[in-house]
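Have a look at the sequence and structure first.

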Amino acid sequence: MIPQLNRILLSHRATSQLSTLINGAAFGSTRFTTVAFFSTRIVEDDKPVLVRDFIHSALYDPNHGYFSKRSGSVGVLDSSIKFNQLQGRKAYLQHLEKIYKQSDISWFTPVELFKPWYAHGIAEAILRTTSLSFPLKIYEIGGGSGTCAKGIMDYIMLNAPSRVYNSMTYTSVEISSSLAERQLETIGQVDSHFSRFKVECRDAADRSGWGAVQEQPCWIIMLEVLDNLPHDLICAENQVSPWKEVWVEKRTDSLTPSELCKPVQDPFIACCMDILDMEASASQNRIMSLAMGMWSKVFPKPRRCWLPTGCLKLMETLHGALPKMSLIASDFSFLPDVRIPGERAPLVSSKHNGSSSDHDSYLDAKGDADIFFPTDFWLLERIDHYCSGWTKSLLEKSSKQGKRRRTITLDTSAFMEQFGLPSKTRTKDGYNPLLDDFKNTKFYLSVPTHNTK
């Protein structure tokens with residue numbers, strides 16, 4: 001049987017996300033060694049690593065990482081699903097079950113399940129919000145099989161003025177050479193697209209790959225990219241004790257590594273905390289702080305918080321290289337049944353014999369488990385503003401003075417109703433899987449303003 005529906009929504013983990021790896025070197029952090037018993041030797045002897053580096057290795061180690069083990073072909077449908085010919089939800093799920101059995105693929109991305117309409121909605125959003133006085137330049141991070149790129153280019157070719165299509169360029173930033181080849185094959189189905197499309201095999205978070213600063217307007221597309229970016233973990237003994245950064249170290253008495261807490265020194269962790277204003281919020285009210293201090297002694301409650309340092313690094317790179325970029329990102333805003341403690345905690349899931357099982361700790365990841373995070377879109381917006389140069393002092397004010405980005409977050413249903421063609425993904429009885437089933441996903445749109453001060 002096909003997995004439960006919420007599992008389907010959480011399982012769009014296509015290999016296209018490999019293009020967003022945050023290389024350990026990009027953070028200037030300790031690298032891992034590959035030895036036997038990968039999960040227990042993920043750290044070198046007597047050399048703890050930050051949680052983000054542990055997660056990076058568990059997911060992307062070239063020999064033992066989760067995605068490296070699953071680096072086969074990305075799921076591609078032979079033809080678009082004819083939603084209008086399906087009776088309703090039951091018929092849709094039966095059709096999905098048939099597709100999964102025939103393809104031997106664990107999951108399909110939304111842009112693949114709803115092609116070409118998902119990509120067409122993104123293309124329409126771009127056309128409505130971009131200035132067509134400049135050549136249209138699009139970068140997609142994690143292009144997968146090229147389905148999104150082809151859908152967007154098809155739509156622009158058919159619906160935009162000819163000069164827009166004729167002068168446009170579409171660049172896929174893709175770390176996987178095999179996926180890069182697949183994208184070229186997909187785009188090559190339309191001869192006129194080929195001269196306007198290219199693939200750059202590199203890490204999108206590596207600033208050197210972008211070259212000199214590009215002052216021209218452009219678009220960045222990131223579909224289901226943020227959820228697999230490395231995160232860091234901070235902890236506190238109780239409600240008022242200071243936050244500490246968490247490291248992972250090898251244990252001599254166990255095969256499972258353990259956590260080690262140290263005072264915050266890492267610049268990316270400190271920056272995330274600064275953006276969240278965590279220290280200031282803890283000491284704003286002296287009377288409240290005294291009360292919390294007394295309460296914490298009687299009823300101490302440990303605190304844990306996950307920080308999207310991988311997202312911070314990527315956004316810092318993009319803003320530095322493309323200061324006039326516009327951004328469309330889509331991802332999970334909520335993950336059900338998360339067992340791991342902490343704000344913004346990940347879901348760690350593995351699949352054996354066709355059935356999924358969730359883990360109680362990210363330390364259980366042995367290269368056979370996916371580690372993916374919900375996206376805090378409020379925090380994503382603050383990171384976006386911060387990396388654009390909008391200072392913390394302005395972040396603390398409600399005024400829009402000096403803001404360099406105009407942003408909006410929309411539920412997937414609202415985004416597609418505004419920019420897409422919902423009638424194309426509706427079944428005979430009115431059920432619409434794109435609008436009805438993706439309640440835990442959102443779109444984030446960000447465009448530059450004319451403010452430079």
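Let's start where two helices meet: Cys311, Leu312, Met315, Glu316 and His319 in H14 touch Leu380, Ile383, Asp384 and Cys387 in H15, where contact means heavy atoms within 4.5 Å. H14 passes H15 in a right-handed crossing. That handedness has a simple rule: a crossing is right-handed if the near helix is turned clockwise from the far one by less than a right angle, and left-handed if anticlockwise.

A quick word on the ground rules. This is a predicted model, in which local features need pLDDT of at least 70 and side-chain atom pairs count only at pLDDT 80 or more, while totals for chains, interfaces and linings use all residues. Residues are numbered from 1 along each chain as its sequence is written, and side-chain values use heavy atoms, with hydrogens and water left out.

| Helix pair | Angle | Axis separation |
|---|---|---|
| H14 (residues 309-321) and H15 (residues 377-387) | about 40° | 9 Å |
| H6 (residues 117-129) and H17 (residues 412-419) | about 70° | 9 Å |

H6 and H17 are therefore roughly perpendicular, a label for angles of 65 to 115 degrees.

Zooming out, the protein chain has 18 helices and 15 strands; these are DSSP runs, helices (H or I) of at least four residues and strands (E) of at least two, numbered from the N terminus. Of its 453 residues, 55% are buried, meaning under 20% relative accessible area with a 1.4 Å probe, protein chains only. Among contacts with a separation of 6 or more, 76% are between residues 24 or more positions apart.

Asp411 sits in strand S14 (residues 405-411). Leaving out residues up to four places away in sequence, Asp411 touches Thr441 and Lys442. With Lys442 there is also a side-chain to side-chain polar contact at 2.5 Å, that is, a pair of N or O atoms within 3.5 Å, one able to donate a hydrogen and the other to accept it, with residues adjacent in sequence counting only if both atoms are side-chain atoms.

Notes
Buried means under 20% relative accessible area, exposed over 50%, partly exposed in between (1.4 Å probe, protein chains only). Axes are lines fitted to C-alpha atoms, for helices over the stretch in contact, and angles run from 0 to 180 degrees between N-to-C directions. Angles under 35 degrees count as roughly parallel, over 145 as roughly antiparallel, 65 to 115 as roughly perpendicular and the rest as oblique.
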